[in-house]
Amino acid sequence: MSTYDAIIIGAGHNGLTCAAYLLKAGYKVLLLEKRSVPGGAATTEAIIPELPEFKFNRCAIDHEFIHLGPVVEELELTKYGLEYLYCDPVVFCPNPDGRYFLAHQSVEKTCAGIAQYSDRDARKYAEFVDLWQRTINAMTPIFNAPPKSIIDIAGNYDFKKVKDLLSMVGSTNKALDFVRTMLSSAEDILHEYFDTEIVKAPLARLAAEMGVPPSQKNLAIGAMMMAMRHHPGMARPKGGTGALTAALVKLVQSLGGEILTEQMVKQILIDDGRAVGVRVASGQEYRAKHGVISNIDARRVFLQLIDPNDVDSADEHLRERLDRRIVNNNETILKIDLAMTEPLKFIHHDHKDEYLIGSILIADSVKHVEIAHTDPAIGRIPDADPSMYIVQPTMLDPSMAPDGCHTVWIEFFAPYQVENAEGTGLNGTGWTDELKNKVADRVVNKLADYAPNVKTATIARAVESPAELGERLGSYKGNYYHIDMTLEQMVFFRPLPEIANYKTPIDNLYLTGAGTHPGGSISGMPGRNCARVFLHARQPFLQTFRDAGKSAKSVFEGIFNK
Ligand SMILES: Cc1cc2nc3c(=O)[nH]c(=O)nc-3n(C[C@H](O)[C@H](O)[C@H](O)COP(=O)(O)OP(=O)(O)OC[C@H]3O[C@@H](n4cnc5c(N)ncnc54)[C@H](O)[C@@H]3O)c2cc1C
């Protein structure tokens, strides 16, 4: 039987990030991944067998959050082959009336475009971006530390961030107004700032990437999704999102870490209230001296992988709380990938190839986006008039398809469980091949209203239903953030207050991944934060000393404005 210091369940980008930090600290680490490839929702694969030269990002494509943290620099991922290509323009949203919203990385250039529709909205756009930019600056120190580690959080504040924090909450009224903003919805904020639908609709679509309708109260924070595209900017790894995973894999292996694929963990082994290893589907066991770390969410860990008696002995309420208190709505994604012989042409919008560099949003109005999210919540498929998020990655990075050819990535929000279809289709969700292709046809038809050549230039397509996505990722109801990103499940509430700091009531059992703070997306933050907690548990004095040193350095730099 093989013994390691730490075993990580799942080789998603957070599991790999966590592994890299532990390996750098001298620990012997094993990652066990159920699929044949590592990466989880961060892979680039050739999924159309007859077209192996076309490479597709199966899930994540646009990276913003990772640039708000130190993972790429600290792990020196560029040395392991990672190269980020920045998008500019960042967003194109064509309207059915022939007008369009085009956002550049430059706020000024974006405002100039908006001014052709409304001078007021152009002026307010700059204010809007400034508000969210300061909010992001004030909050990133919290994202980049375990939520209950005050010293660690303090150490992340430099002069600029303290200034931005004070500008948001520096007096009683400012603080109250900030809280008021956070308690409202993205839609409320968009109506407060803007008059024109042509500006509001794409911003609503991006805000709703949090996985909720723009009208969802308490999630105004979604409105920051556009601001991040201006700064730090939106980028994609050259070669696709899988290149981030490839760089992490190279780093992990170069440090002596082991990654075993096609190893579905079935059981976490508990001995006297302590996690001591895992058993995989084949029956093979692996032992961990210092910790088992899960890259999959707490619900799956405690309800599927641990003997209920062991969970109950550690916390008699935990299973019921995980089962009933965690919110996981019915919304997930139907994913469409196209192989094409030429790029999309937006002929009704004075086509320019630059439209195809960033994200292309089909969001005709705020109401259009609202329906795209409220329908899936009740099991309906919003395909009568589909809203969607499209990317043509090969415009920025032609290496992902044969010369002159292109790929198209389409994300369409859809229900996991289809209404009135319970018990049929894959895993009883109602999703069949026939249904997913019918929906994909409708989505492509809508895109063809804007770019008619999508039909003539497509040579092959792959469609993955929500049920298939759920199977591939293993996440509950195909949730792309493991658990919903709603306010009551964020920061020290994620996934539940008692297990929100990456530790669990079972000794040596840790949680990381999208289901932990600060949540889903490509960031590596949950992986890095969890590694800090693990190291703190192993070397409390050393880690506290390092964190305190970092805080002192940050305060010093703040005072002297370096
Ligand atoms: C279609 C789609 C599009 C997205 N687009 C974007 C985007 O553009 N930008 C962005 O920032 N984010 C995007 N996201 C979200 C982002 O991809 C995820 O939130 C993020 O990748 C989660 O990473 P993770 O490492 O925490 O978890 P995961 O990637 O889910 O990794 C968990 C790993 O555990 C493995 N596993 C599961 N169960 C077991 C088991 N029992 N034994 C062993 N291994 C197991 C899984 O196979 C997986 O490899 C998207 C997600 C989806 C689904």
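Buried here means under 20% relative accessible area, exposed over 50%, and partly exposed in between (1.4 Å probe, protein chains only). Helices (H or I, at least four residues) and strands (E, at least two) are DSSP runs numbered from the N terminus. The model is predicted: local features need pLDDT of at least 70, side-chain atom pairs count only at pLDDT 80 or more, and totals for chains, interfaces and linings use all residues. Residues are numbered from 1 along each chain as its sequence is written, and side-chain values use heavy atoms, with hydrogens and water left out.

Helix H18 (residues 466–473) is mostly covered, with 6 of its 8 residues buried. The buried residues are Pro 466, Ala 467, Leu 469, Gly 470, Arg 472 and Leu 473. They pack against helix H12 (298–304) and against strands S13 (331–340), S16 (406–415) and S17 (458–464), where contact means heavy atoms within 4.5 Å. Just after H18, Gly 474 has a positive phi of about 80°.

The protein chain is divided into domain 1 (2–45 + 240–326 + 479–553), domain 2 (104–233) and domain 3 (329–477), with bounds from an automatic or database domain assignment. Between the C-alpha centres of domain 1 and domain 2 there are 30 Å. Their contact takes 24 residues from domain 1 and 21 residues from domain 2.

Where does the ligand lie? Domain 1 and domain 3 both give residues to the shell around the ligand, so the ligand lies between them. In total 33 residues surround the ligand, and the closest are Glu 33, Ala 41, Asp 62, Ala 514 and Ile 522; a residue counts as near if one of its heavy atoms lies within 4 Å. The shell divides into 16 nonpolar, 12 polar and 5 charged residues. Ala, Val, Leu, Ile, Met, Phe, Trp, Tyr, Cys and Pro count as nonpolar, Asp, Glu, Lys and Arg as charged, and the others, Gly among them, as polar.

A polar side-chain atom of Glu 33 is 2.5 Å from an oxygen atom of the ligand. A polar backbone atom of Tyr 480 lies 3.1 Å from a ligand oxygen atom. The protein covers 96% of the 1000 Å² of accessible area that the ligand has on its own, by the Shrake-Rupley method with a 1.4 Å probe.

His 63 sits in the loop between strand S4 (56–57) and helix H2 (71–74). His 63 is buried, its relative accessible area being 0%. Not counting residues up to four places away in sequence, His 63 touches several residues, including Tyr 84, Met 234 and Ile 522.

Technical notes. A polar contact is a pair of N or O atoms within 3.5 Å; within protein, one must be able to donate a hydrogen and the other to accept it, and residues adjacent in sequence count only if both atoms are side-chain atoms.
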